[in-house]
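Visitor: I'm new to reading protein models. Could you walk me through this one and tell me how you know what you say?

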Amino acid sequence: MKKIILAIFIIALNLQSCKEPKTTATTSKEKPITDLSIYNLPSKWTNQEGKNIELKSLKGKVLVMVMIYTSCKAACPRLVADMRAIEEKLDNETKKNVKLILVSIDPVTDTPQKLKSFAIANKLNHDPWILLRSTEENTREFAAILAVNYKQISPMEFSHSNIISVFNPDGELIYQQEGLAVNNEKTVETINQEAKKF
Amino acid sequence: MYKVILIAILFFIQKGFINAQQNKMVQIQEGSFVPLYGSTDKKPVVVKTFFIDIYPITNDDFLIFLKKNPGFSKSKIKGIFADKSYLSYWESDFDFGNINPKTPVTSISWFAAKKYCECQGKRLPTIDEWEYVAMADEKKIDARSKTEFNKYILSWYEKSKTYENSIGKTFKNHWGVYDMHGLVWEWTADYNSIFLSGESRKDKSEDKNLFCGGASVNATDLMNYAAFMRYAFRSSLKAQYSTRNLGFRCASTTRK
């Protein structure tokens, strides 16, 4: 009987889960989350090690993000190459303040194991690279923030925008590089400048 | 012990009562159709049985939501979730002024629309779901090849300020759903899944069928043109955007 009551209350609580996530009382030392910050998103993510992380845990880093899927044959290898080209041009001194992040648009296929083997195959299995996936809904929302469009066109194929986004340590979108194999000078400059501010 | 159960039951009754005040839904039977855009090789897309709100969300509905979720009021909403025009026609956070409360709420960002639906235990409809419901006229599930139906839709696209009309004044379609055409444009969950030719984004699948030929205007052209307008509009949106002619309604996979 107690179990039933418990179950009822758990269901009841779930029904109310739409309540706004209270922004956890920020300690006086911590900077509050700004209005335009991606850290306003409550979404939870899993990395290539199978570890759950909150977006917020990346706060304080310069983030360079791109959305891909690991079974992709066309644009994604080139997008990863573009990301790597950016990595090569990062200032060695400030590189530690930068994270390069691949976000999967195909969370159903891209299990943490898949992400891990993709990372190994593409030599991304080390800092500053992070591979992330979340639920389909969180992914759609995250894409909305990045103005990335994507659509599954067959079981193993997606159309998607090719955009590399740069976020400052507050999580505000400060620059986007659009297209494949485009000139990345401005992107790199933006990242290095931002990473120098620490 | 019984008291606890009683409280639990009362809680549910109250919950049910609150839900009853919200927008009623109807069931949409599973079916398939070939959307203008978004299927490979013009293969039919299957739309699974789901539920959709009979009417778009009104200013009245939205006010109730805002009172419970003040973080989404126009002065409190975070910049990342809405642009400056969010609820711009409202007088203040909890006052939409002297406009008719039964008019559809518009100037809403995708984030706010999504949150509203989540708070009802619902979600936004997908593009395919929305288009599937929207292709029905009063009688037929798929009226897209009817000239009259298309003329009706297109004549609405030319009218201005239809957002000032109350909900439920357009026709009731085959499913019992109102205002899919003739009132306001509506957000969909995956509005950001469209790739239109001519957009600056590179490397995406193109659909040559999206463009109408020149002068010939038969029912199919009208139908494609009307649908094209909607897809083009969606592809121009960003999740923070809000405009005066864009509202929303909710959907659900299960009955609410």
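**How do you know?**

Visitor: What makes S4 and S5 of chain A a pair, and in which sense do they run?

Guide: First, keep in mind that this is a predicted model. Strand S4 (residues 98-104) and strand S5 (residues 129-133) of chain A share 4 bridges.

Visitor: Why is the crossover from S4(A) to S5(A) called right-handed?

Guide: The chain goes from S4(A) through H3(A) to S5(A). Picture the strands pointing away from you: if the path over the helix runs clockwise, the crossover is right-handed. This β-α-β crossover is right-handed, so its path is clockwise in that view. Helix H3 (residues 112-121) of chain A lies across S5 at about 155°, and also lies across S1, S3 and S4.

Visitor: What is the strand order of the open sheet, and why are S2 and S9 of chain A at its edges?

Guide: The 7 strands line up as S2-S1-S5-S4-S3-S8-S9 in chain A, with mixed pairing. Strands S2 (52-54) and S9 (173-178) each have a single partner strand, so one side of each has no neighbour in the sheet. From one strand to the next, the twist averages 30°.

Visitor: Why is Cys72(A) called buried?

Guide: Buried means under 20% relative accessible area. Cys72(A) has 8%, so it qualifies. This residue is in the loop between S3 and helix H2 (75-88) of chain A, where it touches Pro77(A) and His160(A), leaving aside residues up to four places away in sequence.

Visitor: Is Cys76(A) buried or exposed?

Guide: Buried: its relative accessible area is 1%, and the limit is under 20%. Cys76(A) belongs to helix H2 of chain A.

Visitor: Which residues does UniProt list as "binding site", and how do you know that they cluster in space?

Guide: The unreviewed UniProt entry gives Cys72(A), Cys76(A) and His160(A). They are spread over 89 residues of sequence, yet the largest C-alpha distance is 10.5 Å.

Technical notes
Residues numbered from 1 in each chain as written. Chains lettered and ligands numbered in written order. Predicted model: local features only at pLDDT ≥ 70, side-chain atom pairs only at ≥ 80, totals over all residues. Heavy atoms only, no water. Pairing = 2+ DSSP bridges. Helix = DSSP H or I, 4+ residues; strand = E, 2+ residues; numbered from the N terminus. Axes fitted to C-alpha atoms, helices over the stretch in contact; angles between N-to-C directions. Contact = heavy atoms within 4.5 Å. UniProt positions renumbered as here; feature names shortened; annotations may be inferred. Buried < 20%, exposed > 50% of the residue type's maximum accessible area, 1.4 Å probe, protein only.
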